[in-house]
Structure formats: structure tokens, C-alpha cells
Amino acid sequence: MSTDAEMAIYGKAAIYLRKPEKERIEAQSKPFDAKTACYVAHAKELYLKGTILSKDGGKVTVKVLDTQETVTVKEDDVTPMNPPKFDKIEDMAMMTHLNEASVLYNLKERYAAWMIYTYSGLFCATVNPYKWLPVYDQDVVAAYRGKKRMEAPPHIFSVSDNAYQSMLTDRENQSILITGESGAGKTVNTKRVIQYFATISVSGDKKKDTSKGSLEDQIIAANPLLEAYGNAKTVRNDNSSRFGKFIRIHFGTSGKLASADIETYLLEKSRVSFQLPDERGYHIFYQMMTNHKPELIEMTLITTNPYDFPMISQGQITVASIDDKEELVATDTAIDILGFVNEEKMGIYKLTGAVMHHGNMKFKQKQREEQAEPDGTEVADKIGYLLGLNSADMLKALCYPRVKVGNEFVTKGQTVPQVNNSVSALAKSIYERMFLWMVIRINQMLDTKQPRQFFIGVLDIAGFEIFDFNSMEQLCINFTNEKLQQFFNHHMFVLEQEEYKKEGIHWEFIDFGMDLAACIELIEKPMGIFSILEEECMFPKASDTTFKNKLYDQHLGKSNAFQKPKPAKGKAEAHFSLVHYAGTVDYNICGWLDKNKDPLNDSVIQLYQKSPVKLLALLYVPTGAEESGGGKKGGKKKGGSMQTVSSQFRENLGKLMTNLRSTHPHFVRCLIPNESKTPGLMENFLVIHQLRCNGVLEGIRICRKGFPSRILYADFKQRYKVLNASVIPEGQFIDNKKASEKLLGSIDVDHTQYKFGHTKVFFKAGLLGTLEEMRDEKLAALVTMTQALCRGFLMRREFVKMMERRQYNIRSFMNVKHWPWMKLYFKIKPLLKSAEAEKEMAQMKEDFAKCKEDLAKAEARKKELEEKMVSLLQEKNDLQLQVASESEGLVDAEERCEGLIKSKIQLEAKLKETSERLEDEEEINAELTAKKRKLEDECSELKKDIDDLELTLAKVEKEKHATENKV
Ligand SMILES: Nc1ncnc2c1ncn2[C@@H]1O[C@H](COP(=O)(O)OP(=O)(O)OP(=O)(O)O)[C@@H](O)[C@H]1O
Ligand SMILES: [Mg+2]
């Protein structure tokens with residue numbers, strides 16, 4: 001551990017990073033009894049510190065330290081406490097007793113002392129302090145520069161610097177994955193990482209164009225703009241990011257900034273038209289309405305009162321911690337620094353204004369008809385003006401959209417709710433597309449075309465969460481986290497175990513209880529949840545119920561991860577449950593099909609496409625398929641075929657994962673300490689729940705079980721031979737492995753803490769640190785001793801010679817001092833020396849010139865090769881991405897094809913059955929017809945008889961008449 005003097009370089013930050021020596025020593029020498037000190041489980045506080053009083057048949061009596069009350073609990077509810085030596089330890093993986101309570105209390109005590117960063121094996125955990133600590137100043141950046149993880153107190157700068165060093169030394173891409181619940185501090189830490197890189201690796205190539213900022217300014221400026229459009233106040237966070245982002249910073253061959261790019265995920269566009277009572281819409285709306293730039297109000301025809309726009313004032317309209325005026329200036333400056341041209345800037349503001357006006361359009365029902373008609377045209381005129389559309393055309397397209405039926409277009413009537421729906425869908429769509437377009441433009445501007453070699457990616461994405469009501473968006477977020485957790489697991493123990501196996505170390509496979517594969521497959525594999533959802537979106541008759549039924553048919557009872565939700569009182573309605581690594585989540589599928597298809601009014605889109613407002617037309621550029629025949633959707637959707645929200649998300653996630661797999665990852669976990677934003681207060685249940693959800697507890701346990709440090713035998717022998725050089729015989733060949741075994745066996749360390757592999761020696765966490773300390777001590781002693789001996793010996797020899805020389809010189813001088821030649825010699829001697837020196841100088845100069853030339857040649861060659869390598873690397877990555885996305889699509893299509901074939905077979909069977917029935921029916925029909933004919937014949941015969949009888953009757957009657965007349 002460092003001394004106070006060593007900590008001085010951190011300046012004001014020092015006390016927030018590591019306690020002063022005196023305090024540390026005091027804390028570590030507190031009296032402690034390992035047998036009785038413990039944590040005891042508690043219903044309200046989760047764990048409390050206590051002292052064991054007695055144990056009796058599975059029951060333990062404990063005195064709670066804080067309250068002095070005595071409780072008797074089961075043995076399992078008592079966990080051992082770490083000795084004071086581990087007080088506020090910086091890496092929790094080093095603790096002797098690794099249990100939930102120790103982890104929690106360590107974090108809690110550090111947090112109470114304002115030390116917000118703590119390592120936990122591979123993770124760096126950070127707790128939101130809810131107040132600004134002076135730990136991010138420039139002198140702190142400088143202090144962390146070039147320090148290894150173990151050489152400095154835990155900090156996000158240390159994580160960043162290690163990633164940077166690792167990129168330079170291992171020549172490998174790096175990534176920093178920052179996750180956590182909303183309000184935990186992901187975005188704050190992401191900004192710190194970017195600040196760090198922008199400071200330490202300022203690009204050499206300053207831009208000449210002064211209207212735009214330098215690359216590092218631009219990278220930093222991207223934030224205010226994206227935050228204005230993508231952040232909003234929520235219940236948990238006044239500046240909550242409503243989208244995920246992955247920022248890649250590319251570095252050149254010498255480690256200088258070369259360029260950057262940003263990828264965004266899942267913008268919550270529903271917020272444009274809906275806010276909860278305690279929340280607010282996207283910051284930009286309220287920034288524009290501050291009237292701090294009156295020209296914006298004038299240009300966009302808006303007012304300064306948010307309540308004039310009901311669509312964006314359903315909740316709050318101001319946020320106490322945010323000064324919208326200041327932020328507007330920041331947004332506006334960022335647009336300029338990034339290099340948007342004036343026309344684009346105007347386009348951005350105009351479209352934003354138009355989105356706000358959308359909520360004010362009114363429609364009413366036509367008399368005695370279901371049909372909607374405009375109720376006033378003033379708002380439509382404003383929108384028309386801002387979007388460059390004829391407002392009458394727009395209203396007509398809204399109330400009477402033209403839809404394609406077969407090969408013809410027909411006009412369709414719309415009810416008032418239908419029109420209102422499509423108006424809000426259009427507003428959201430303009431907003432979302434503009435956001436995505438801004439990201440593309442920012443990327444174009446950050447792409448400097450300077451040669452780039454490796455990148456460090458920073459991922460700021462919402463962590464796993466369980467709400468009362470979970471919809472499709474939550475499934476996407478939880479699925480992303482499931483994949484990230486799997487990535488971590490893969491990185492940590494799959495690789496670990498592979499290594500042990502390769503090295504022939506006996507290692508029992510530990511089932512870490514994270515059966516992630518089942519859940520991931522259930523969601524993403526062909527015939528999985530997303531696949532079924534996408535398939536249902538293709539059938540016009542599909543509904544939420546058919547979707548649910550299909551899910552149940554396919555998965556219920558077949559996959560353990562898919563379950564029927566258990567109904568409970570007061571619980572929101574749910575349709576299916578997924579067993580994620582961090583818990584079971586109930587999902588409600590209402591409206592998923594519609595959300596996924598995301599339908600837009602085509603007739604209005606066609607108007608957008610012809611708009612003279614360039615930005616709008618650009619957002620809705622038709623794809624190839626549409627141009628040739630007016631297809632389904634407008635916009636940037638690629639590939640002609642219908643691309644649903646979920647397939648787009650999966651494609652993006654697939655790309656992200658491919659990208660991450662090409663990197664060496666660093667994991668940062670942000671924790672929210674309490675729900676009331678109180679600085680310094682930590683709620684135990686809340687934090688433990690997060691530690692479980694974000695994998696910290698699992699990670700730490702696994703880390704302890706394995707052997708995280710390892711060194712090649714040759715390196716080990718060379719480095720640690722000094723610990724006991726006598727066991728390795730001098731001048732005689734000895735195998736490196738044997739030497740290492742002998743060496744470790746001969747020194748005083750815990751011999752269960754290491755294992756020998758085929759090529760490396762493996763250490764448990766902490767042992768290498770001890771060896772290193774021992775080596776330092778030994779070396780210090782050896783070097784000092786050798787130096788002293790050598791110096792003494794040399795000095796003694798020199799002294800004797802000096803004495804002899806002195807006597808001889810004096811004697812000779814006495815002899816020749818009056819000799820005239822000698823006098824002459826004394827005068828010439830200095831000249832001779834300088835001549836000699838001149839010659840030497842010339843030679844050196846020549847050598848130097850040659851060296852310089854060689855160096856220049858070598859460097860040119862190196863640069864050339866490096867450039868070549870970079871381009872090849874990029875090409876390789878691109879190809880990899882392409883292959884990955886294509887093969888996924890292929891598998892999916894194949895599976896779907898299989899499904900279709902199956903249903904075809906079923907339908908064919910049905911058809912056969914039906915035609916057989918038809919045949920039977922026809923036979924019956926024929927029989928019946930024959931019968932009918934026979935009956936008809938009989939009937940006609942009978943008729944004939946009747947006719948005959950009638951004739952006879954007539955005749956008889958005639959005769960009767962005749963007879964009567966006669967009579
Ligand atoms: N290290 C820190 N120092 C000081 N304040 C912090 C720190 N981390 C977080 N905060 C405070 O907490 C707030 C929320 O942090 P942040 O916006 O980074 O959360 P988030 O994890 O990105 O949440 P979301 O998922 O909602 O975007 C910040 O606005 C800031 O006030
Ligand atoms: Mg955020």
C-alpha cells in the first residue's frame with residue numbers, strides 16, 4: 001500500500017481514493033476475534049454485524065453490535081466476518097471470507113468514506129455518490145497515467161488507462177462495458193472515460209478549418225447534442241439516457257486519437273408523445289421553449305409555454321437540477337463544433353418544432369359517418385410550413401389515405417382515433433429518424449480518414465431490470481444484458497477452464513448456476529420468441545392472441561426458461577414468464593405485433609419524400625423496392641423486405657456482440673445506493689439485488705475459485721530465481737518447469753495457492769502479490785550489498801594505485817622539472833588532445849548521419865506495413881460482421897422455411913381429407929339425384945293418371961249433364 005507521500009500526486013482527490021496511512025493502520029489494528037465476529041441475517045437490514053455468544057445444535061445466539069439485542073438464528077443465517085486487515089479492501093476478490101455480507105459491508109464502508117470505486121475481480125464497481133467529488137480533475141488524470149491496476153487506487157481512470165496500455169502492448173482492440181440500473185451513473189462514467197482518452201491521447205493532426213472543433217472537442221461535443229435529443233427526466237434520473245450507445249474511439253499507430261464512431265440502440269420514441277406525471281419529454285423541446293434563443297421560437301412558430309403543447313406537457317415541464325437555457329447553448333454550440341452546416345441546423349430545429357405541433361392537430365367526426373375530418377387547419381398550416389408540405393394534401397392523406405389493394409390503389413376512410421394514432425406515429429417517426437440521422441452525420445464528421453489501428457469501445461447501456469409491467473422494450477434490454485452476461489461468463493470462466501484443460505491442471509467444472517444458454521436460445525434462435533413475433537408480423541390476420549398461442553404451442557413445457565406467469569393479487573397482467581440469469585420476469589404481450597410492425601401512413605410518407613425541406617426528404621428516402629412499386633414502408637429500411645423493429649434490434653445486437661468478441665473487455669458496474677438520491681446512504685436490499693443482477697457476486701466467487709494469475713515457467717524462473725537462487729544449480733542444465741517447482745517448494749508460502757501446468761505456473765488471487773513483495777525486498781537487500789562490496793573493493797584498489805602514482809609522479813617531476821624539452825612538451829600537450837578529439841567528433845558525426853538515415857528508412861517501412869495491416873484488419877472485421885449477420889439470417893430463413901414446409905404438409909393432409917369427403921358427398925349426391933329422378937318419374941305417371949281420371953270425370957260429368965237434360 002502506498003504512503004501518504006506517494007498519494008500526494010492525487011492532490012485533493014487523495015482522501016477520496018485511499019485513506020491516510022494513520023487511519024488505515026488504526027482500522028487494521030482494531031481488536032478482533034475471528035471465532036465470534038460475524039454477520040447475522042436480518043429481516044429489515046438484510047445483514048447486521050454481531051458477536052456470537054453461543055452455539056447450540058444448529059442454532060446460534062448472536063449479540064447485534066448496533067442495538068445490543070440478542071437474537072437466536074439458524075446456523076446458515078450467520079456468516080463469518082473478515083479480519084480488520086481487509087478493512088475497506090480495494091479488490092474484494094482478495095477477501096478471505098467471500099460472502100454476500102462481506103461484499104456488501106465493504107462497499108458500504110467504502111461508500112461512507114466517499115470511496116466510490118471498488119474492484120471485484122474483473123469488475124470495477126462504482127456507487128453513485130449523488131454529489132460531485134473532486135476525483136475527476138486534470139491532476140488525477142495525470143496521476144493515473146501509465147499506472148498498472150494494482151499500483152493505483154480503484155478508479156474509472158485506472159480502468160481506462162489499463163485498457164489503453166493493453167491496447168498498445170497487446171495490440172488488441174479493447175472495450176469497456178458499463179452497465180447498471182437507471183440513475184446508477186453509467187453515463188457519468190462513460191463521459192469520464194471519453195474525457196480521459198481525449199486528454200491523454202490528443203490527436204497530432206489539428207484541423208485547419210476553424211469553424212469546426214478539433215477531433216477531441218468533437219468527440220466530447222457529440223454528447224450534449226445526443227443528450228438533448230435522447231435524454232429526459234424520469235422518476236429515477238433527471239438526465240436519464242433513453243437510448244443505449246457504443247462509442248468506439250480509434251487510435252493511430254502511435255496511440256494518438258484517430259477517429260471515432262457511435263452506434264445507438266433502442267431510442268424510447270414513445271416518450272415523444274407520452275410522459276408519466278413525474279417525468280418529462282426529451283430535453284430539446286423545453287430547451288427550445290426557454291426563449292433563450294428567440295430566433296428559434298420565431299423560426300419554428302412555437303411558443304414559450306410548454307402547456308401550449310399538450311403532447312409534451314403531460315408530466316413535468318421543468319427539472320430543478322437542469323438549467324434548460326444553459327443546456328440550449330450547449331446543444332447549439334455542439335451542433336456547430338460537430339460541423340453541421342447551417343441548412344442542416346435549421347432543418348433540425350424546424351423538424352423538432354414540427355414534431356411539437358403534431359400533438360395540436362385536431363380532428364372531428366363527420367356527421368352521421370365514422371369518417372374523420374380536420375377540425376381547423378391552423379396547426380396543419382404551421383406543420384405544412386415547417387415540413388414544406390401543402391397542408392391540405394397532408395390533411396387529405398391523413399383522413400383518406402390511399403392504400404394498395406392487389407394492383408390498385410383505393411382510398412380508405414379513417415375514424416378520428418385512427419387519424420390521431422397515425423399523427424402521433426408520424427411525429428415519433430420523424431423524431432426517431434432525425435435522431436438516427438444525427439448519429440450518422442456525427443459519425444461522418446468524426447471519421448477523419450486518418451490511419452487507425454485499434455479501437456477502444458465504451459458501451460453505455462441500460463442494465464437488467466425487473467418492473468411490474470414489462471413489455472417488448474424491456475425484453476430487448478434484458479435480452480441484451482443476458483447476452484452481455486454470457487459474454488462475461490465466456491470471457492471469465494469458459495476461457496479460464498479451457499486454459500486449465502489445455503495446461504493439464506486438475507479443475508473441477510463448476511456449474512455456476514447461470515444457465516444462460518437456455519434463455520438466450522429461447523429468445524433468439526429460429527422458432528424462438530423473436531422469430532415467432534417476426535413471423536406473426538407477416539400474417540395480416542395475426543393478433544396478440546394468435547401470437548401468444550403460438551408461443552405457448554412452441555415453448556410451454558418444452559423449455560424450462562419459458563413459463564406461465566403465476567397470477568397474484570395486485571400484479572400487472574402478464575402473458576408469459578422468462579427465467580433470466582438474474583430472476584424471472586413476467587412479460588405482457590399487448591400490442592407487440594403493432595409495435596414491431598411500426599406502421600406509418602404511406603400517403604403522408606409519400607408527401608414527405610417530395611418535400612423541399614431537404615432533411616425531411618432525406619429521412620424518408622425511398623428504398624429500391626418502393627420506387628419500383630410503392631411498397632410497404634418509407635425510410636432507410638434496407639433490403640426491400642419488411643424489416644421489423646425486433647429484427648433491426650437483433651441485427652444491431654449481433655453486430656455489437658461481434659464487435660465485442662473482437663476486443664479485450666473491461667467491466668464496470670454502476671450501483672444505485674438508494675431511491676431518494678441521498679448522498680452517502682446505502683440501502684442494503686437495493687444494492688445486494690443489483691449485485692446479483694449484474695453478476696458481481698457470481699464473478700467474485702468464480703474468481704476466487706480459480707487461479708487468476710499465471711506466468712510462463714521461463715519467465716517465472718528468470719523473475720523469481722532471486723527468491724532462493726541456491727536451489728537452481730549454476731552451470732548445469734535444468735528444465736524450467738522443474739526449476740520453478742523446486743523454487744516454489746523451497747520458499748515460505750502457502751503451497752495450496754498455486755498449481756503447475758504444462759507451460760505455466762498458476763496462482764490463486766493474491767499470491768503473486770506476495771511473491772512480488774518478497775522479490776522486491778530480496779532484490780533491494782542484494783543490490784545494496786553488491787553495490788557496497790564492489791565500491792569498497794574498487795576504492796581500496798584505487799587508493800593503493802593512487803598512492804603509488806603520486807610517489808612516482810613526484811619523483812619523476814623532480815627529475816625533469818628543469819629540462820627545457822619538458823617545458824616545451826607541457827606547452828604542446830593540450831593541443832594534441834584537441835586534435836584527437838576533433839577526429840573523434842567527425843567520426844561520430846558520420847556514424848550519427850548513417851544511423852539517422854537507417855532509422856528513417858526503417859520507420860517509413862514500418863509505417864507502410866502498419867497502414868497495410870490496418871486496412872487489412874478493417875477489411876477482415878467488415879467481412880466478419882457481414883458473414884455473421886448473413887449466416888444468422890440464413891439460419892433463420894431456413895428454419896422458417898422448414899416451418900412452412902411442415903405447415904404445407906399439414907395443409908396437404910387436410911386437403912386430402914377434404915377431397916375424400918367431397919367424393920363421398922358427391923356419391924351421396926348422385927344417389928339422391930337418382931332417387932329424385934325416380935320420384936319425379938313416379939310423380940309424372942301419377943300426374944298422368946290424374947289427368948286421365950280428370951278426363952274420365954269430365955266425360956262422366958258431361959254424360960251426367962246430358963242425362964239430366966234428357967230427364
Ligand atoms: N460519479 C458520480 N459523481 C457525481 N455524481 C454522479 C456520479 N455518478 C452519477 N452521478 C449523479 O447521478 C445522476 C445519474 O447518473 P447517470 O445519468 O450517469 O445515470 P445512468 O446510469 O446513465 O442512468 P440512465 O440509465 O437513466 O441513463 C447524474 O446526473 C449525477 O447527478
Ligand atoms: Mg445514462
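Q: Which residue in E20 is the bridge partner of Leu578?
A: In E20, Leu578 has Val585 as its bridge partner. This is a predicted model, where local features need pLDDT of at least 70, side-chain atom pairs count only at pLDDT 80 or more, and totals for chains, interfaces and linings use all residues. Side-chain values use heavy atoms, with hydrogens and water left out, residues are numbered from 1 along each chain as its sequence is written, and chains are lettered from A and ligands numbered from 1 in the order in which they are written.

Q: What makes E19 and E20 a pair?
A: Pairing takes at least two bridges found by DSSP between two strands. Strand E19 (residues 576–580) and strand E20 (residues 583–587) have five, in the antiparallel sense, so they pass. With two residues between them, they form a hairpin. Both count as strands in the DSSP sense (E runs of at least two residues; helices are H or I runs of at least four, and numbering starts at the N terminus).

Q: Why are E4 and E5 said to stand at the edges?
A: The open sheet has five strands in the order E4-E3-E2-E1-E5, with antiparallel pairing. Strand E4 (70–74) and strand E5 (78–80) each have a single partner strand, so one side of each lacks a neighbour in the sheet.

Q: How do you know that E1 and E2 pair?
A: Strand E1 (residues 37–42) and strand E2 (residues 46–56) share six antiparallel bridges. Cys38, for one, stands opposite Gly50 in E2.

Q: Why is Thr187 called buried?
A: Buried means under 20% relative accessible area, exposed over 50%, and partly exposed in between (1.4 Å probe, protein chains only). Thr187 has 12%, so it is buried.

Q: What is Phe285 in contact with, leaving aside its neighbours within four places in sequence?
A: Contact means heavy atoms within 4.5 Å. By that rule, Phe285 is in contact with Val272, Ile312, Thr352, Val355, Met356 and Tyr431.
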